[in-house]
Amino acid sequence: MMTSQTIDLALIQPNWPSVTSVQAYTTTRQGGVSLPPYDSLNLAYHVEDNPQAVSQNRQLLAQRLQQSVIVWLDQQHTTDCLYVDSVPQQISIADAVWTDQPGLVLSVMTADCLPILLTNGKRVCAIHAGWRGLLDGIIENSVKQCVTRPGDGWQAWIGPAISAKFFEVGDEVRQAFVQKHPAFDQFFQPHGDKWLADLAAMAEQILGLQGIKTISQSGLCSYADAKRFYSYRRDGETGRMASLIWLES
């Protein structure tokens, strides 16, 4: 498996087969102005960070990307995938977004959940998937909306998220997944009276079932790498990274 390439202190580039018309990155927690426990490149307003610091961090990100238009979502663990062809007048409740229009930077924020980016070079999609989203069908719904022909050059990247070593869930979560996908039993390992769940492996399996055959894993764990990543499971009160993708104009 290839490893993701760090291109500077603030951004990580997906380790997928590059597409000349597409740009994609994930931020780290480094390079911003937020104070602890949000230090330092927190991009989320909803976590009780200083709004001025968040605004400045978003400006720093836009400057670094050399892109003035970033589409943000109000993520609430839904299965809603939003299509945009221009900058929305207000932030919409959704956990995925896609476009076929150049110059619109799509984003999802995470701090343990999976950021998933999709493209075929003509369309791009960004997905936020926690265990609830995976179970309820955020990937399936997003692929259904934006992917007309799954085998037509489509590829996916699963970015930094909590790894199976640290993601503990109750038996009710395991049972819910196994009831929907019996083969998913392999992605749960016993851990005392709990289970350790491999979200990234389940996401890869779901993507494959939807016809996406070229799938790259970042192999990066948000929980294990406190220097680079926010982790809600690790810290509770913390910031959010962003995963971004866009078609070049």
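**Sheet, rings and cores**

Modeller: Strand β10, residues 155-158, runs parallel to β14, and four bridges join the two. Keep in mind that this is a predicted model.

Biologist: What is the bridge partner of Ile158 in β14?

Modeller: Ile158 is bridged to Gln217.

Biologist: And what is the strand order in the open sheet?

Modeller: The order is β5-β6-β9-β8-β10-β14, six strands with mixed pairing. β5 (81-83) and β14 (214-217) are the edge strands; each has a single partner, so one side of each has no neighbour in the sheet.

Biologist: How much are neighbouring strands turned against each other?

Modeller: By 15° on average, ignoring direction.

Biologist: Which strands does helix α3 touch?

Modeller: Helix α3, residues 138-146, packs on the sheet and touches β5, β6 (96-99), β8 (114-119) and β9 (124-129). The direction of α3 makes about 165° with that of β9.

Biologist: Changing topic. How many aromatic pairs are there?

Modeller: The structure has five. One of them is Tyr83 with Trp98, with 4.6 Å centre to centre and 50° between the planes, which is a tilted arrangement. Tyr83 belongs to strand β5 and Trp98 to strand β6, and the two are 15 residues apart.

Biologist: Is Trp98 buried or exposed?

Modeller: Trp98 is buried, at 8% relative accessibility. Tyr83 has 33%, so Tyr83 counts as partly exposed.

Biologist: What about the rings of Phe166 and Tyr223?

Modeller: Those two are stacked, because their planes are at 15° and the cut-off for stacking is under 30 degrees. Their centres are 4.5 Å apart. This pair links distant parts of the chain, 57 residues apart: Phe166 is in the loop between β10 and β11 (168-169), and Tyr223 is in the loop between β14 and α6 (232-235).

Biologist: How accessible is Phe166?

Modeller: Phe166 is partly exposed, with a relative accessible area of 26%. Tyr223 also counts as partly exposed, at 26%.

Biologist: Where does the charged end of Arg58 sit?

Modeller: Over the ring of Trp72, 3.9 Å from the ring centre. Arg174 has its charged end over the ring of Trp195, 4.4 Å from the centre.

Biologist: Now α5. How many of its residues are buried?

Modeller: Eight of the 11 residues in helix α5 (199-209) are buried, so the helix is mostly covered. The buried ones are Leu199, Ala200, Ala201, Met202, Ala203, Ile206, Leu207 and Gly208.

Biologist: What follows α5?

Modeller: Gly211 comes after α5, and its phi is positive, near 95°.

Biologist: Which residues touch the most other members in the largest nonpolar core?

Modeller: That core has 39 residues, and the ones touching the most other members are Leu114, Ile116, Leu118, Leu134, Ile139, Met202 and Leu207. Helix α5 gives the most to this core, with seven residues.

Biologist: Take Ile139. What does it touch, leaving out residues up to four places away in sequence?

Modeller: Ile139 touches Ile116, Leu134, Ala203, Ile206 and Leu207. Of these, Ala203, Ile206 and Leu207 are buried residues of α5.

Methods: Residues are numbered from 1 along each chain as its sequence is written. This is a predicted model: local features need pLDDT of at least 70, side-chain atom pairs count only at pLDDT 80 or more; totals for chains, interfaces and linings use all residues. Side-chain values use heavy atoms; hydrogens and water are left out. Two strands pair if DSSP finds at least two bridges between them. Axes are lines fitted to C-alpha atoms, for helices over the stretch in contact, and angles run from 0 to 180 degrees between N-to-C directions. Contact means heavy atoms within 4.5 Å. Rings of Phe, Tyr and Trp (its six-membered ring) pair if their centres lie within 6.5 Å; planes under 30 degrees apart count as stacked, over 60 as edge-to-face and the rest as tilted. Buried means under 20% relative accessible area, exposed over 50%, partly exposed in between (1.4 Å probe, protein chains only). A charge sits over a ring if NZ of Lys or CZ of Arg is within 6 Å of the ring centre and within 35 degrees of the ring normal. A nonpolar core is a set of buried Ala, Val, Leu, Ile, Met, Phe, Trp, Tyr and Cys residues joined through side-chain atoms within 4.5 Å.
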